Amino acid sequence: MNAFTDRTWLRSPEEETGDVRVYRPADHPFPPARGREGLTFHSDGRFDYQAPGRGGTETGTWHDSGDEVRADIAGQVIRLYVTEVGDDVLRLRWPHP
């Protein structure tokens with residue numbers, strides 16, 4: 001099991017630079033925002049993507065191979081690269097297609 005599984009991570013764009021996205025645990029004391037993107041990597045291979053605001057949640061699957069994570073939602077494959085993971089931060093390089 002990975003250190004980032006079975007937790008909901010919310011995006012913290014206030015901390016971002018470049019193409020690395022920063023996520024914090026859902027219970028992190030975030031500043032006010034109109035909504036935050038959320039990711040949940042379940043240990044059974046399910047993946048939840050929560051759109052910011054009222055966009056809802058989409059469920060798909062995920063798997064990893066080293067520092068690359070591949071999420072598949074409705075046939076769209078998203079490649080993410082873990083640059084840092086800890087108890088209070090998840091940093092992902094999310095290259096644009």
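Predicted model: local features only at pLDDT ≥ 70, side-chain atom pairs only at ≥ 80, totals over all residues.
Let me begin with Thr-40, which lies in strand β3, covering residues 38-41; helices (H or I, at least four residues) and strands (E, at least two) are DSSP runs, numbered from the N terminus. Residues are numbered from 1 along each chain as its sequence is written, and side-chain values use heavy atoms, with hydrogens and water left out.

Is Thr-40 buried or exposed? Thr-40 counts as buried because its relative accessibility is 10%, where buried means under 20% relative accessible area, exposed over 50%, and partly exposed in between, with a 1.4 Å probe and protein chains only. Leaving aside residues up to four places away in sequence, Thr-40 touches Arg-7, Thr-8, Arg-46, Phe-47 and Asp-48, and contact here means heavy atoms within 4.5 Å.

Now to the later strands, where two strands pair if DSSP finds at least two bridges between them. Strand β5 (residues 57-65) and strand β6 (residues 68-73) run antiparallel and are joined by 5 bridges, and Ser-65 has Glu-68 in β6 as its bridge partner. These two strands form a hairpin with 2 residues between them, and in the turn Gly-66 has a positive phi of about 75°.

β6 also pairs with strand β7 (residues 76-85), in the antiparallel sense, over 6 bridges, and Arg-70 stands opposite Arg-79 in β7. In the hairpin of β6 and β7, with 2 residues between the strands, Ala-74 takes a positive phi near 50°.
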